[in-house]
Structure formats: structure tokens, C-alpha cells
Amino acid sequence: MNIIYHKSSKTFHLFNDEISYIMIIMQNGHLGQLYFGKRIHDKEDFSYLLEVSQRPMGSYVFEGDRTFSLEYLKQEYPVYGSTDYRHPAVEILQSNGSRISDFKFQSYVIEHGKPKLEGLPATYTEDDSEAETLIVDLLDEVTGIRIQLLYTIFASGGIIARSSRFYNEGDEAVHLLQAMSLSLDLPDYDYEWVQLSGAWSRERHVKVRRLEQGIQAVDSMRGHSSHEHNPFMVLKRPTADEHQGEVIGFSLIYSGNFLIQAEVDTHTNSRVLVGINPAGFDWKLDVNESFQTPEAVMVYSGQGLNGMSQTFHRLYQKRLARGYWRDKERPILNNNWEATYFDFTEERLVEIAKKAKECGVELFVLDDGWFGERCNDRAGLGDWVANPKRLANGVVGIAEKIEKLGMKFGLWFEPEMVNKDSNLYREHPDWIISVPGRNKSHGRYQYVLDFSRKEIVDHIYNMMAKILSEAKVSYIKWDMNRSITECFSKELPADRQGEVFHRYILGVYDLYERLTSTFPEVLFESCASGGGRFDPGMLYYAPQGWASDDSDAVERLKIQYGTSFCYPISSIGSHVSVIPNHQVYRNTPLHTRANVAYFGTFGYELDLNKLTENEIHEVKAQINFMKKYRSILQFGTFYRLKSPFEGNETVWMVVSEDKKIAIVGWYRTLNVVNDAYRRVQLKGLNPDYRYKNSLNKTENYGDELMNLGLITTDVTAGEVPSDQKPCTDFESRIYILEAVEQGDWK
Ligand code: DGJ
């Protein structure tokens with residue numbers, strides 16, 4: 001990897017074996033974008049890529065010249081109100097009412113490694129040789145605002161991480177109205193735009209459309225990244241697919257209001273903007289203050305969507321997630337939520353836990369309802385002390401009982417929220433986010449604590465830390481069950497109210513940081529009514545997240561498939577639940593529920609006492625299977641092979657690092673009569689290894705499996721022989737392929 005500055009042509013070239021990123025200091029001192037894509041040779045001068053021409057209706061920068069217009073140029077950090085009429089990366093309101101700025105190149109430095117972003121989650125390096133960072137200084141002379149643009153290129157993978165820092169070195173306060181993390185101008189719009197969108201219980205469905213002149217965007221204004229849209233987007237060449245072709249993935253490491261937008265202009269350039277949503281954002285930058293934007297990550301892949309996903313998986317698993325649990329196999333858990341909801345006693349919990357232990361479960365998680373007066377969702381949030389009517393000896397007591405059974409104990413919190421019916425609210429009614437004199441909207445009867453205020457975060461920290469210090473809690477599920485409305489902080493002056501959404505998320509990060517550093521061995525799982533805040537920001541603190549409240553196996557195929565575009569399998573919280581399923585009332589076979597949940601953190605969301613003896617037998621086998629293969633399932637290389645968005649079958653697989661073991665998950669939603677003969681071409685195997693197939697009882701070379709394919713035909717292809725079980729709807733299979741020496745198979 002290298003970052004080179006060519007003085008004579010004023011060109012920066014960042015490159016590694018896979019990608020090149022080229023910028024130029026243009027005639028007007030602004031930074032111009034020349035190229036982002038597959039690695040090309042370095043050379044002194046790429047300025048021929050700066051194409052300008054005289055056009056009707058243009059506005060030009062230099063007197064007497066009718067070619068140099070920012071509208072026609074590809075830029076790195078475009079400003080509002082210049083000769084460029086496209087949406088900008090930066091807009092700054094000044095005391096005279098002007099929003100015009102003119103950021104000119106001043107200097108640059110190249111650092112080994114990657115600087116930390118204070119108070120914000122970001123990718124990191126463990127060793128300076130893993131990355132290099134270019135920091136470019138730009139200055140607007142009139143306001144004295146300095147911007148640093150940070151570009152980190154990693155030694156491996158087509159990754160560029162970007163963010164910007166603002167410094168007010170002038171003598172008047174200004175307001176940042178738009179301060180994006182990344183702006184990228186691409187020279188054409190021959191792309192499909194791929195987004196992960198949906199709703200509660202339908203998170204991260206893959207949606208694809210052609211880029212077209214005008215603006216297309218995904219965003220959130222809810223105060224969290226949201227179920228509706230994930231802070232992630234892909235531009236994919238129409239000819240690219242899962243395995244080949246050019247794609248660029250964009251991901252924002254942020255959990256609050258975001259915007260990802262592409263604007264295609266009249267001259268077919270595509271401008272991508274990624275960052276904090278400017279809607280409602282207004283950050284007052286006083287003299288001598290600075291502001292750091294969240295980090296955005298771009299991944300270029302010439303190997304299609306899977307190539308891009310694998311790069312994101314490695315980066316986010318190894319250099320975004322942190323701490324004790326980062327590289328560890330995740331404990332198999334049993335969560336009581338769908339087993340009992342609010343209706344439990346300590347005795348019942350212990351009964352569930354005992355059965356779980358008997359089956360081999362490693363962690364018992366007590367979900368909502370253990371604290372304050374929380375016997376339904378109208379009361380208790382904010383009172384993080386055990387309800388003695390439910391837990392006679394508090395959290396200490398139940399944790400001890402679970403530990404005695406030989407399992408770890410986990411606990412649910414919803415730290416950011418309060419019910420009016422709580423001691424916390426009765427003592428501090430002014431701690432919630434709301435506008436004085438206006439209606440206070442609720443969500444699930446709860447209100448959002450103003451985490452932009454340090455004393456409130458401190459208070460919640462103290463309550464949580466007390467429990468974690470006294471009781472043996474090994475895992476925390478951190479939930480967040482409503483979006484923010486009437487956003488306003490009573491402690492901030494009028495001209496800082498546009499900061500509240502961002503300050504709120506900084507408060508959430510602060511609490512996470514304090515808890516994870518004080519209790520480094522506690523495993524955190526993020527959650528927001530399922531996947532309402534399943535984003536890279538959360539991954540920095542919590543290496544896994546509850547992917548969705550929808551626990552139906554068929555629904556989960558789409559949710560987990562979409563999630564895998566950006567997020568590693570080790571981060572996807574996935575459990576086996578009861579039938580009929582509580583969200584869609586569907587009956588799926590037990591083996592299919594497990595076959596889907598294996599591709600994630602794995603656990604059970606039910607009372608195992610209610611299963612039949614045969615089912616318990618099956619559960620024990622599932623748990624043994626997961627224990628045996630979870631290191632590969634969670635940390636192997638993941639390939640999507642067949643999309644649930646495109647047909648009746650879904651297929652995905654993981655391959656171990658040494659390619660000696662591959663695990664294929666095959667799923668068919670509806671049964672098919674008299675079906676065709678079917679094969680699936682596998683990926684990522686060693687072509688020369690012979691793989692023993694546990695299910696088909698065959699032995700095939702890797703090249704056979706990757707070219708001829710794995711045969712998945714079953715009895716639906718014809719009449720069911722008397723010695724075979726007929727297939728039903730929601731069928732699934734797991735194929736284990738293990739490399740063997742030739743002739744080993746009996
Ligand atoms: C929403 C979560 O997604 C569920 O798993 C559960 O924890 C409930 N909240 C509890 O209120």
C-alpha cells in the first residue's frame with residue numbers, strides 16, 4: 001500500500017494491490033476527484049482526467065474563462081452555492097447569513113496507521129503497517145474554517161475509509177448545516193443502486209433499481225439508523241453479479257440520522273454523498289471548537305457482491321468490532337422473551353434454564369421484565385433494580401442459580417428509555433427529550449432519555465455498573481424500542497438544538513464505551529426492536545446484534561441474506577423459536593429453523609420444556625453440531641449462492657480458512673411437485689481437494705463442485721420411494737463437505 005503525492009501535477013495517488021484512488025489539487029485550489037477503481041499504474045500526471053468545456057448556461061470561476069466550472073468537474077468535497085449546482089458535501093451558515101465557502105488546499109500529511117476518531121466508532125489498525133492515512137488540510141479564508149479530509153487506505157482489500165474534521169480558527173461562530181463524511185463523484189451512472197430496506201420484522205431486504213438522472217437516497221430521521229433503511233448502499237455495474245464484476249459498497253459507521261444519496265447530473269456524473277443526515281442538523285461551531293464527522297467506508301470489488309461483502313466482513317469483524325469477544329466463538333444462548341414474555345417467575349426461569357443446560361446451551365438470557373414495576377410495557381423502564389417480587393434475591397440471586405447450573409447468565413437492558421410510571425421519571429420528569437409546552441409523543445408507552453446530557457448518561461451508567469459489579473452477568477442485550485420525536489434538549493440554547501440528535505448518539509456511544517471498558521469480558525448484543533439499529537456503529541461496541549424480531553425461519557432467509565451484504569455472520573443474532581411462529585404464525589420444521597439460525601450467533605428463543613422428547617433429541621444434536629462447526633460458520637468465508645429474493649430456493653455457504661471444510665445451507669420455501677433435477681455451483685473450494693459429502697455420501701473434487709455443481713435434487717423430483725420421507729414446504733439441508741485424502745471414503 002502506498003500514498004504518493006506528485007508535486008509537479010499536484011496529484012495524490014492512494015493504492016494497494018487492488019485499488020487506486022486519485023485526486024488532484026485543481027486550479028481554484030479545491031480538491032478534484034480523478035479516479036476510484038481497480039488498481040492502475042502510478043504515474044506523474046493524471047490531469048488529463050480533468051475534463052472541462054464551454055457549455056451553455058454554465059457559471060465559471062475565473063474572469064475571462066468559459067471552461068472552468070465546478071459543475072463539470074468531479075470533486076472531493078464540494079461546497080454549497082458555488083458554480084456547482086449539485087448537492088454539496090458541506091454547507092456552512094455564517095453570522096452575516098451567507099452560506100458560501102471556498103475551501104482551498106493548504107497542506108497534507110501522510111501518517112502510518114490510522115488516527116482514532118474521538119468519541120466515535122471507527123475502523124482501526126493494530127499495527128501501523130496495516131494502513132496509511134492521508135490528511136489533507138483545506139481552508140476557507142473568509143471564515144477561518146479549516147477542514148481536514150482523512151483518507152485511510154488499508155494494506156489489503158479494496159477499502160478506503162473517510163471522514164472530515166472541522167476546526168473553527170476564525171473569530172466568529174458558524175453553523176455546520178451539512179458536513180458529510182464522504183463525497184465521491186463517479187464519471188458515469190451505469191450502475192444499479194442496491195439498498196437494504198424494509199420495516200420492523202422485515203429488515204434489510206435487498207432492493208435494486210437503476211441509477212437515473214436526479215436524486216436517489218436512503219436515510220433516517222428517527223434518531224437511530226432504523227429498520228426502514230440501513231446506512232449502506234452498493235453501486236453495482238448492471239453486468240456484475242454475486243461473483244464477478246465491478247461493485248462499490250458504501251457504509252457509514254454511525255447509528256443516528258444518516259443520509260446516503262446518489263445524484264446523477266446532466267452530464268452523467270454520479271455524486272455519492274454519505275454522512276449525517278443534513279435534515280434537522282445544525283451544529284454550532286464556536287471559535288476554537290472542532291467537529292469530527294462519523295467515518296464512511298467504501299469498498300471496491302472486481303469480484304462482484306460476494307467479493308465486496310467478504311471485504312466488509314473481514315474489516316468489520318477484525319478491525320471494527322473490538323475486545324474480548326471479537327474473535328471468540330459465540331455462546332449458544334436461550335433467551336426467555338418468546339418463551340414467557342412478561343409472564344415469568346424466578347422458578348419458571350430456572351426451569352427453562354435447567355432444560356437448556358440439559359440440551360447443551362451455554363448462556364441463559366433473562367429478557368425484559370426483571371426490574372422495577374415492569375410487568376408489562378407500561379411501567380418500569382429507567383428503574384434498573386431487580387423487582388423483588390419476581391427475583392427474590394435480585395440479579396445476584398438468579399445469576400448465581402444459573403451459574404450453579406453450569407451456564408453463563410445474561411441480562412436485558414433498555415438504557416436509553418423511561419416509562420412515566422417509574423421512579424426515574426417521577427424524580428426527573430425533565431430528563432426526557434421533549435419540547436416544553438408541546439405534546440410528548442410516546443412509542444410503546446415509553447419516552448427517550450436525553451442522552452445528550454452527561455449527567456443522565458452518568459446516572460444510567462451508575463445503575464448498570466452497580467448490577468454488573470454485584471452480579472455475575474456475562475452478557476447484556478441492549479435494547480432500544482422507539483424512535484425519537486420532538487427532538488429537543490432542555491440544557492442546550494436555541495442555536496444548538498440542531499445538535500441534539502447527534503449529541504444523543506454520542507451519549508449512547510459514551511455509555512457503551514464506559515461499560516465495555518469497565519466490563520471488558522461482558523458480551524454485548526445490540527438490539528432495537530430487532531434490527532432497528534443494526535449498523536456498523538453498534539458493531540464497534542457490541543460484536544453481535546439481534547437481527548430482527550421476526551424469528552420465522554423463512555422470513556429470516558431474506559433478513560439474513562440482506563444483512564450479509566455488509567455484516568459478518570458472527571454479528572447476526574439468530575435463534576430457533578417455536579411453531580406456530582409468533583410473528584407470521586407459520587409452522588416450519590425444527591431442522592429448518594436451526595439450519596437458518598446456524599448462520600449467525602445461534603440460540604433458542606423458546607421454553608425447551610415444551611418440546612417433545614424427539615424434539616429435545618434433535619435440539620441436542622443441533623447444539624452439538626453448532627459447537628463443532630461454529631468457528632467456521634461464524635468466522636469462515638461466506639458466499640451467497642442463491643437469493644431468496646429471486647426464487648423458491650436459497651443457498652449460501654461458508655468455507656474454512658484452509659478450505660478443508662465447507663458448510664452449505666440449502667433452503668426451499670415451497671415444496672415442488674415433480675421438480676427438475678437440480679445443482680448448485682459452489683464457490684471458494686480448493687479445486688484439487690476431494691470433498692466427502694456427509695449427506696449425499698459422495699466424494700467430489702472441488703473443481704467438480706464448483707463447475708458441475710452440488711446435486712440438490714430430492715424426492716420432489718418424482719414419486720417418493722417407500723423407504724424415504726416425503727419433502728414438505730420449508731425444507732432445508734445442511735451439507736458438510738470435508739476434504740479427505742483420496743480413497744479415504746468408505
Ligand atoms: C424488542 C426486542 O427486539 C425483543 O427481542 C425483546 O427484547 C423485547 N424488545 C422486549 O421488550
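## Glu242 and Arg640

The side chains of Glu242 and Arg640 make a polar contact at 2.8 Å. Such a contact is a pair of N or O atoms within 3.5 Å; within protein, one must be able to donate a hydrogen and the other to accept it, and residues adjacent in sequence count only if both atoms are side-chain atoms. Glu242 sits in the loop between strand 14 (229-236) and strand 15 (247-253). Helices (H or I, at least four residues) and strands (E, at least two) are DSSP runs, numbered from the N terminus. Glu242 counts as buried because its relative accessibility is 12%. Buried means under 20% relative accessible area, exposed over 50%, partly exposed in between (1.4 Å probe, protein chains only).

Leaving out residues up to four places away in sequence, Glu242 touches Gln303, Gly304, Leu305, Asn306, Gly307, Tyr561, Phe565 and Arg640. Contact here means heavy atoms within 4.5 Å.

## Basis of the model

The model is predicted: local features need pLDDT of at least 70, side-chain atom pairs count only at pLDDT 80 or more, and totals for chains, interfaces and linings use all residues. Residues are numbered from 1 along each chain as its sequence is written, and side-chain values use heavy atoms, with hydrogens and water left out.

## His13

His13 belongs to strand 2 (residues 11-15). His13 is buried, because its relative accessible area is 0%. Its side chain makes a polar contact with the side chain of Asp42 at 2.7 Å. Among the other residues that His13 touches are Ile4, Tyr21, Ile40 and Phe46. Phe524 lies 511 residues away along the chain, and the C-alpha atoms of His13 and Phe524 are separated by 40 Å.

## Ligand site

Of the 13 residues around the ligand, Asp367, Asp368, Lys477, Asp479 and Asp549 come nearest. A residue is near if one of its heavy atoms lies within 4 Å. The shell divides into four nonpolar, three polar and six charged residues. Ala, Val, Leu, Ile, Met, Phe, Trp, Tyr, Cys and Pro count as nonpolar, Asp, Glu, Lys and Arg as charged, and the others, Gly among them, as polar.

A polar side-chain atom of Lys477 lies 2.7 Å from a ligand oxygen atom. A side-chain N or O atom of Asn481 is 3.5 Å from a ligand nitrogen atom. For Asp549, a side-chain N or O atom is 2.4 Å from a ligand oxygen atom. Taken alone, the ligand exposes 300 Å², and the protein buries 97% of that. Accessible areas come from the Shrake-Rupley method with a 1.4 Å probe; for residues, only the protein chains shown count as cover.

## Helices 4 and 6

Helix 4 (residues 394-405) buries Gly394, Val395, Gly397, Ile398, Ala399 and Ile402. These buried residues pack against helix 3 (346-359), strand 22 (363-366), strand 23 (408-413) and helix 6 (454-470). Gly406 follows helix 4, with a positive phi near 95°.

In helix 6, the buried residues include Ile456, Ile460, Met463, Met464 and Ile467. The buried residues of helix 6 pack against helix 4, strand 23, helix 5 (423-427), strand 26 (475-478) and helix 7 (500-518).

## Backbone exceptions

Ser201 is not a glycine, yet its phi is positive, about 65°. Arg204 is also not a glycine and has a positive phi of about 55°. Arg204 lies in the loop between strand 11 and strand 12, and Arg204 counts as buried at 1% relative accessibility. A cis peptide bond joins Ile579 and Pro580, with omega about -10°.
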